[in-house]
Amino acid sequence: MLVSACIVTCVASNIVRIKPPETGLSILSLNVILQPDQTTPATCEIEIGLSDVAWQQNLTGLVEDVVWGYEKTNCHDQESCFGLNSTETQPVQLKPVQIQEGVKLRFHLADMGIQLPLKMQPFKVSQLGFESCQTTYGSPIVSRPTGDPITVDDSHLSQGQNLFIVGSDSPLFQCQFGLRLNVTVKANRCNPPDKPDTPCYDHGTCLSSITEDAYACRCCLGYSGQFCEEYDGCLENECSVSSNCVDVIQGYEGQDYQCICPNGRSGPRCDVDVNECGSNPCVNGICQDNDGRYQCYCQPGYTGTNCELQYNECVSNPCLNGGQCVDELNSYQCHCPGGYFGVHCEMKRNFCESNPCHNASMCVDETYSYRCICEAGFTGADCASNINECESSPCENEATCMDLVAGYHCQCTEEYTGVHCQDVAPLIFTAPDRSQYFIAIGLLASALATSFGLIAACGCWVQKARGPRKIEPGGYFDDEDSLLSGIHVTYVLHLARVTERGDRIPHLRYVSSSQSR
């Protein structure tokens, strides 16, 4: 390529002025001033950056010379190789070359100042071969190493990127020292099919950036398309502010456009205000028409763009202590669990406040209810029932049980005593009244006399019935079969009567009689 970067100003005289860049890519050849018949005419001014180059007419067959050697043309990163503001590293290489399609490429050996002759054999390789300097990833462009200039055949220069490395027997002339080259062949995409001799329809300039792989049209203001074939009718339009203008495709002579109106505007130029409240969009509110929009002011309890949503007052969880929130229109209600009350169930109910526990029992508040700890002798949820200790019949020997609070009392009969009337009452005489002894002795003597009298009477009756019997000394019958033999009479001395002073008067009571057989 003759020029790697320039600034092109397209003016009415159709003269293209090319200036060398102050920084960036180096110039590989002399500056070229194009004649009017060699440039792309345009009717506007286009400023071209340092990394852009313009297509030059009639360069087909021109030869671009590349010198292979170690000079200042070697680079190692994006900035030094391509003039880009980047520190990304690149393999050490010759300055990349970009040429128009049709330009020839010729390789030369640099004068290394070495007496020994040098030879090289360029290879076209893949990206992997370019980075590793391995010729096995490509093929040679000449059959053997040579020291003569090498013109690269067109078959090795395809559109886009072409990578070359040098193979040499000399240890001083090696690929890894920077002897590799990136060549980009750029096609012309600026000539319309119906007018191939009128690039960009004279409404732009054919340019290519160093990062692009072809030349394309850079259109003048108001034109667009691959060949700048379409005039933008929206360049001078009367669409109102906030509307969008869309160009009607009519070619580079058409100037029609269409206004796309935003909400709230209508008409060919979107200059008519639309009453957005005409459709009554606010469901539960009042509509206010604004420029291009509307605003709904909702009734209490409703929300949403169109007041279509009923506001749920329960979203904020206003009910405390496990209360259940019930949403209502513009309000809510808390259903409190047992033990709490208030608008938000915020107050604790004291279940012991009404003194529900009876008989001096203790009340314990348990959040949702209460519990009574009963005093001894009482039972029930409220300790209102007296425990009947007589239900278990604790009194013995036909004693009467009298229920008491937390206890009982056994009313014993006169013959028994003890807590449960389980013991026979002992014979007790009180010392001050000795007459009771005499009464007891008299009763005992009377009982003995009566017993002997009965025995004598029975003996006479038996003797009379059987005839005379011999009575042995000591008062016993000698007949073992006697009717009275083995008869036993039992008397028990009881304290039957109680005097006015509380003394008991003893007396005898017949209990039983039995006969041994």
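## A walk through the salt bridges and cores

Start by selecting R218 and D52: they form a salt bridge, with their closest N and O atoms 3.6 Å apart (a side-chain nitrogen of Lys or Arg within 4 Å of a carboxyl oxygen of Asp or Glu). You're looking at a predicted model, where local features need pLDDT of at least 70, side-chain atom pairs count only at pLDDT 80 or more, and totals for chains, interfaces and linings use all residues. Residues are numbered from 1 along each chain as its sequence is written, and side-chain values use heavy atoms, leaving out hydrogens and water.

D52 is buried at 9% relative accessible area, while R218 is partly exposed at 31% (buried is under 20%, exposed over 50%, partly exposed in between, with a 1.4 Å probe and protein chains only).

Next, pick D365 and K348, another salt bridge, at 3.0 Å between the closest N and O atoms. D365 lies in strand 28 and K348 in strand 27, so the pair ties together parts 17 residues apart in sequence.

Now select V66, W68, F107, F164, L181 and V183. Of the 23 residues in the largest nonpolar core, these touch the most other members (such a core is a set of buried Ala, Val, Leu, Ile, Met, Phe, Trp, Tyr and Cys residues joined through side-chain atoms within 4.5 Å). Strand 11 gives the most to this core, with 3 residues.

Last stop: C190, C200, C217 and C228, which belong to a second, separate core of 8 residues.

Methods: Helix = DSSP H or I, 4+ residues; strand = E, 2+ residues; numbered from the N terminus.
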